[in-house]
Amino acid sequence: MQASRSAEFSFARKLSSVVRGLTGSMLRKLAAFLALGVTLSCYVGFSCCLTTVIVFSVYLLTGGHKFALVVCRTIRRDLKGLFVLMKLTLGVRYYLRKNATVPALFQNNVKKHPNRACFIYEDKTWTFEDVEKYSNSVANFFHEAGYRKGDVVSIFMESRPEYVCFWLGLSKIGVVGALINFNQRDKAFAHSLNVSQSKGLIFGGELSQAVKDVLPLLENNLSLYSSGSLATNDITPINLDQMLQKSPTYPPHYTQGSFRDKLFYVYTSGTTGLPKAAIVTHTRFYYMSTAIRHFFSISSSDVLYDTLPLYHTAGGILGIGQAFIGGVTVVIRRKFSASQFWSDCTKYNCTIAQYIGEICRYLLLQPFRPEETQHRVRLMYGNGLRPQIWADFQKRFGVKVMGEFYGATEGNCNIVNFENKVGAVGFTTRIAPFLYPVTLIRVDEDSGEPLRDRHGMCVHAQPGETGELVGKIVKGNPLREFDGYVNKKASEKKIVENVFRKGDTAFLTGDVLMMDDLGYMYFRDRTGDTFRWKGENVSTSEVEGTISNVLKLQDAVAYGVEVPGYEGRAGMAAIVDETNSIDLADLNQALQRSLPPYARPVFIRLTKEVDTTGTFKLKKTDLRKEGYDPNGVKDRLYYMNAKAGMFQPITQQVYKDICDTKIRF
């Protein structure tokens, strides 16, 4: 009886959720068609079949044909999405009951195929059993050193199999790894160590100078452990390589873990400020990597080329997770190399590869090599592939499927494009949106704050409109929870209330997307990157893509800068010109053909290089601050002389005239 009542309650709760997902207009239409059906059947006496035909015909004639078309065109896609969602949900629930952890899931693969290659690195093969034993030695060493569940140890080194074994071994005794970007230095590096409250630091010997430089900036003393030859002898860390040779390789002392426990911290890329430590639980690691496996039909017989940094979600979870959860062989490279990419894929018989940020553009810039058509790569997945080069990339390199996805490490609204839909970063169902509650909400163009109706509810963006992507937070549901950051205040800033119904909460991604009629979503900008000029919104990604295309894939960063006497921000583009070969007259003509007047850059900065994050995203924060002032910028600066119709150099006098509003745009 109790089980029956529980089932009834569960059904009632789900039905209530479905009803809440319907809008007022939808409910009114549903009631009207129901009333029509009852009238035709009960009072007119039509048969059930004829009544159904008439009601459906009326539905189509009153606008329902549009929705019917959406259903026909997206039903297969949505059914696959629903199938994967159900498998993920059931898998998470199963492992929650089992109190499973990522090390336990990995051990399942060790038992299945201990001698299969888990990692290949610089022609050396690490079998699943090798990884298990090495990580056990890590766990036993740190347990003997006094580290216990809940402690934090930072890992700061370039990509190699030991990197993964370090955090895997730490997790076996409940210690949380903090995966720090090996490009960080000084203030950012110190911030990452301090905010995580690390007790120890494992670092690659190649980065010992950076470690030495950061020590005076730390709030607490750290125990230092090095792996590999030191680049400087000014510090005396514990030689971890030597210690691990003496450490036992049997499973460590059992530490009771939970699928909800913290696994490690991943830091945001720092494009908009100091990095934030995002919490990755065992649950999150499982469902993120498993979702990729199911959507792209990855099997244990595949070989994955992972040239991405292992401190980042893409390389460290979506890549390494295929080995730990799915039993896939992963080829690791210390650093990305555009010239060696296809050679490596051919050499190691890779069937899948990853990309992120500008990697695909860098590959297109390479001269032709025979290996680029001799490889076996059938799928590449990642995020940041510009729509302008998508088709060209596939045509040149013969990759059948480009799997673009969108997701924040800490977020709850990950979406994926598994159909090779050019330009789309993912989709949401238009048929039954309540099944996966993610949506776009309209935001104020100046402040970036959500727009609300008279009832205080967020205003949802309609198909064709841009809006910030948000995902409903459902506590107790691991797939809908927001794990947040180590810094609680930073977590609170990413939460918005009253999105789907009064009193609910949702995760703010900080990204502006656009959804079409079929539910496909397209990335537009980061909130704050879009700027307004002459009464129009300018998408920096559109401007960057156009300039990059015109200049044959040169690095270009677009951003808005303030101009005295004008509302909004004028467009400015920083373009890499290492050989002083860019013809601004040709660029101007191309921009006039490709961009509307308000989107064309008013200022141009020709530079020798543009900084990128460790995940190949172009930085623009410092560029925006420096603006077009020749007193502070050493690069060549130009402005659009509206009277002459051409870009001209910004001299000291020109800059003064702009500031005095003597030059108009």
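Buried means under 20% relative accessible area, exposed means over 50%, and partly exposed lies in between (1.4 Å probe, protein chains only). Both Phe 142 and Tyr 147 are buried. The model is predicted: local features need pLDDT of at least 70, side-chain atom pairs count only at pLDDT 80 or more, and totals for chains, interfaces and linings use all residues. Residues are numbered from 1 along each chain as its sequence is written, and side-chain values use heavy atoms, with hydrogens and water left out. Helices (H or I, at least four residues) and strands (E, at least two) are DSSP runs, numbered from the N terminus.

**Aromatic rings**

- Rings of Phe, Tyr and Trp (its six-membered ring) pair if their centres lie within 6.5 Å; planes under 30 degrees apart count as stacked, over 60 as edge-to-face and the rest as tilted.
- The structure holds 35 aromatic pairs.
- In one of them, the ring centres of Phe 142 and Tyr 147 are 5.4 Å apart and the planes stand at 70 degrees, so this pair is edge-to-face.
- Phe 418 and Phe 427 also pair edge-to-face, with 5.9 Å from centre to centre and 75 degrees between the planes.
- Phe 418 and Phe 427 are both buried.
- One aromatic cluster is formed by Phe 106, Phe 119, Phe 128, Trp 167, Phe 264, Phe 285 and Phe 324.

**Charges over rings**

- A charge sits over a ring if NZ of Lys or CZ of Arg is within 6 Å of the ring centre and within 35 degrees of the ring normal.
- Arg 77 lies over the face of Tyr 520, 4.6 Å from the ring centre.
- Lys 276 lies over the face of Tyr 485, 5.3 Å from the ring centre.

**The sheet of 7 strands**

- Two strands pair if DSSP finds at least two bridges between them.
- The order in this open sheet is S7-S6-S5-S3-S4-S8-S9, and the pairing is mixed.
- Strands S7 (238–239) and S9 (277–281) stand at the edges with a single partner strand each, so one side of each has no neighbour in the sheet.
- S3 (residues 152–156) and S5 (residues 200–204) pair in the parallel sense over 4 bridges.
- Ile 155 has Ile 202 in S5 as its bridge partner.

**The sheet of 5 strands**

- This open sheet has the order S24-S25-S26-S27-S28, again with mixed pairing.
- The edges are S24 (556–561) and S28 (646–649); each has a single partner strand, so one side of each is left without a neighbour in the sheet.
- Neighbouring strands here are turned by 25 degrees against each other on average, direction ignored.
- S24 and S25 (residues 570–576) run antiparallel and are joined by 6 bridges.
- Ala 558 has Ala 573 in S25 as its bridge partner.
- Axes are lines fitted to C-alpha atoms, for helices over the stretch in contact, and angles run from 0 to 180 degrees between N-to-C directions.
- Helix H16 (residues 540–550) lies across S24 and S25, at about 140 degrees to S24.
- Helix H17 (residues 584–594) lies across S25, S26 (603–607), S27 (636–641) and S28, at about 140 degrees to S28.

**Helix packing**

- H6 (residues 161–171) and H11 (residues 313–324) pack at an angle of about 75 degrees, with their axes 12 Å apart.
- H6 and H11 are therefore roughly perpendicular to each other.
- Angles under 35 degrees count as roughly parallel, over 145 as roughly antiparallel, 65 to 115 as roughly perpendicular and the rest as oblique.
- Val 164, Trp 167 and Leu 168 of H6 make the contact with Gly 316, Ile 320 and Phe 324 of H11.
- Contact means heavy atoms within 4.5 Å.

**Hairpin, loops and positive phi**

- S1 (residues 117–121) and S2 (residues 124–127) run antiparallel, joined by 4 bridges.
- Phe 119 has Trp 126 in S2 as its bridge partner.
- The hairpin of S1 and S2 has 2 residues between the strands, and Glu 122 takes a positive phi near 50 degrees there.
- Asn 99, a residue other than glycine, has a positive phi near 55 degrees.
- Asn 99 sits in the loop between H3 (48–97) and H4 (102–112) and is partly exposed, at 38% relative accessible area.
- Gln 197 also has a positive phi, near 55 degrees.
- Gln 197 sits in the loop between H7 (186–196) and S5 and is exposed, at 63% relative accessible area.
- Arg 376 lies in the loop between H13 (359–365) and S13 (379–383).
- Arg 376 and Cys 345 are 31 residues apart in sequence and 7.6 Å apart in space, C-alpha to C-alpha.
- Leaving aside neighbours within four places in sequence, Arg 376 is in contact with Asn 349, Cys 350 and Thr 351.
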